[in-house]
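Please read the points with the sequence and coordinates at hand.

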Amino acid sequence: MGRVSRRAFAVAALSAFTMMPPASAAPKSAAGGHGRGGDRAVSEMRGVWLATMANRDWPSKPGLTATQQRAELITHLDRAVRNRLNTVIFQVRPTADALWPSPYEPWSQYLTGTQGKDPGWDPLGTAVELAHARGLKLHAWFNPYRVAAHADLTRLAAGHPARRNPDWVVRYGGKLYYNPGLPEVRGFVQDAMLDAVEEYPVDGVHFDDYFYPYPVAGQSFDDDEAYEEYGGGFPDRAAWRRDNIDKLVRETAERVKQVRPGTPFGVSPFGVWRNAATDSRGSDTRAGVQTYDDLHADTRKWVREGWIDYIVPQLYWNIGFAAADYAKLLPWWAEVARGSSTRLYVGEALYKAGDPAQPAAWQDPAELSRHLTLARRHAQVRGHVFFAAKDMATDRIGAMARVVADHYGQPAPPPR
């Protein structure tokens, strides 16, 4: 969530707040578990995010040949297999662009260095084929509203929908975003994303944590005109904004079921819905960001109402972290998922392991393994997803190797 891909912005945005650390949880061990040695591995999510935003994980830089890009992709997929993972969550629409030949949006600049330039191959189609050939599931990961990591419409590819419809766009925090309050925007971004779901046999549809943008101190998101036109009947702007995001999530879920029945739709939100000091239903945390209030994403509601098939809260904090303790957030999310039809996986901050800028807990190779051990106590936790592929490759202090040795002794199928 730093993250230069989906988390690239989250991390940057969150650094302005008092809570930037993450942690995550682990899979349950029903009927035997997935522990050391030869224990029978049960169905669980074992995933990794493969981020393309700003070339965070892949491709390693823009402008590589199609052959080089494909070779790097294969390396990531093969590593996932060696680590006995079963799912890759591949970012295919990082900034209102596409990693497939989309009739709606231009080719991503992260492929060639020039937005709109054909890379000479189909990364998403190829990734699906390569993943399936290796027994991996591939979830297509989309960012709905981010348009650019800069604020200049003229830098977008000629013919870009944002240039054709500048009234759709809001400048905020030095970046460009589509306005979630406009019904035509909501319809367009769904059409653009669902094109990939219709064209390719993806195994899942995935949103990250960006809905309304992370707050920027001293700035306001200018949606006055949209609020004036569409906000009647809501008690305040925040309630209207939450309804806009509710509609996006609910409508996307319905359309995924229509386009590709049986394909799960999931969301990976920032790990704190609300602090208990704000809402008695919230977690025992003191987070500087709350998704309900700041991103206008009522993630708890989506789980309880069964609007999404799975949720992967980004619990990117260590056990014992004062403002957001992994050991407190994990049971909170397990309780939210209890009795719902939404599967709970936990987002893990592999990128923090061994980072000298992180607290002492993250210098311990066993921290992430302890997360998975803790998660076994909660039957609602059905697995983990690690951020992210580049960090899995470097594995600075062997934290991922420790997870594999302690918990992934045998391959396991993902939850059905």
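The numbered points below take up the basis of the model, its sheets, selected helices and some individual residues.

1. Basis of the model. This is a predicted model, in which local features need pLDDT of at least 70 and side-chain atom pairs count only at pLDDT 80 or more, whereas totals for chains, interfaces and linings use all residues. Residues are numbered from 1 along each chain as its sequence is written, and side-chain values use heavy atoms, with hydrogens and water left out.

2. The barrel. Eight strands close into a barrel with parallel pairing, in the order E1-E2-E3-E7-E8-E9-E10-E11. Helices (H or I, at least four residues) and strands (E, at least two) are DSSP runs numbered from the N terminus, and two strands pair if DSSP finds at least two bridges between them.

3. Strand E1 (residues 45–50) pairs with E11 in the parallel sense over four bridges. Arg46 has His384 as its bridge partner in E11, while Gly47 stands opposite Val385 in E11. Strand E10 (residues 343–348) is likewise joined to E11 by four bridges and runs parallel to it. Here Gly347 has Val385 in E11 as its bridge partner.

4. The open sheet. Three strands form an open sheet in the order E4-E6-E5, with antiparallel pairing. Strand E4 (146–148) and strand E5 (169–172) each have a single partner strand and stand at the edges, so one side of each lacks a neighbour in the sheet. From one strand to the next, the twist averages 35°. E4 and strand E6 (residues 175–178) run antiparallel and are joined by two bridges. Arg146 has Tyr177 as its bridge partner in E6.

5. Helix H4. Is this helix enclosed or exposed? Eight of the eleven residues of helix H4 (residues 123–133) are buried, so the helix is largely enclosed by the rest of the structure. Among the buried residues are Leu124, Val128 and Leu130. The buried residues of H4 pack against helix H2 (66–82), strand E2 (87–93), helix H3 (109–112), strand E3 (137–142) and helix H6 (183–199), where contact means heavy atoms within 4.5 Å.

6. The ends of H4. The N-terminal end of H4 is capped by Asp122, with a side-chain oxygen 3.3 Å from the backbone nitrogen of Leu124. Gly135, which follows H4, has a positive phi, near 80°.

7. His160. This residue is found in the loop between E4 and helix H5 (161–164). His160 is buried, with a relative accessible area of 1%. A polar atom of the His160 side chain lies 2.9 Å from the backbone nitrogen of Ala162. Neighbours within four places in sequence aside, His160 is in contact with Ala96, Pro106, Gln115, Val147 and Tyr178.

8. Asp224. Asp224 lies in helix H7 (residues 224–230) and counts as partly exposed at 42% relative accessibility. Its side chain makes a polar contact with the side chain of Arg237 (2.8 Å). A polar contact is a pair of N or O atoms within 3.5 Å; within protein, one must be able to donate a hydrogen and the other to accept it, and residues adjacent in sequence count only if both atoms are side-chain atoms. The C-alpha atoms of Asp224 and Gly181 are separated by 9.7 Å, the two residues being 43 residues apart along the chain.

9. Arg242. Helix H8 (residues 237–259) contains Arg242, which counts as buried at 13% relative accessibility. Not counting residues up to four places away in sequence, Arg242 touches Tyr292, His296 and Ala297. Arg242 and Ala297 are 5.9 Å apart in space, C-alpha to C-alpha, and 55 residues apart in sequence.

10. Helices H12 and H14. Residues Leu368, Ser369, Leu372 and Thr373 in H12 meet Ala399, Arg402, Val403, Asp406 and His407 in H14. The residues of this contact divide into four nonpolar, three polar and two charged; Ala, Val, Leu, Ile, Met, Phe, Trp, Tyr, Cys and Pro count as nonpolar, Asp, Glu, Lys and Arg as charged, and the others, Gly among them, as polar.

How values were computed. Axes are lines fitted to C-alpha atoms, for helices over the stretch in contact, and angles run from 0 to 180 degrees between N-to-C directions. Buried means under 20% relative accessible area, exposed over 50%, partly exposed in between (1.4 Å probe, protein chains only).
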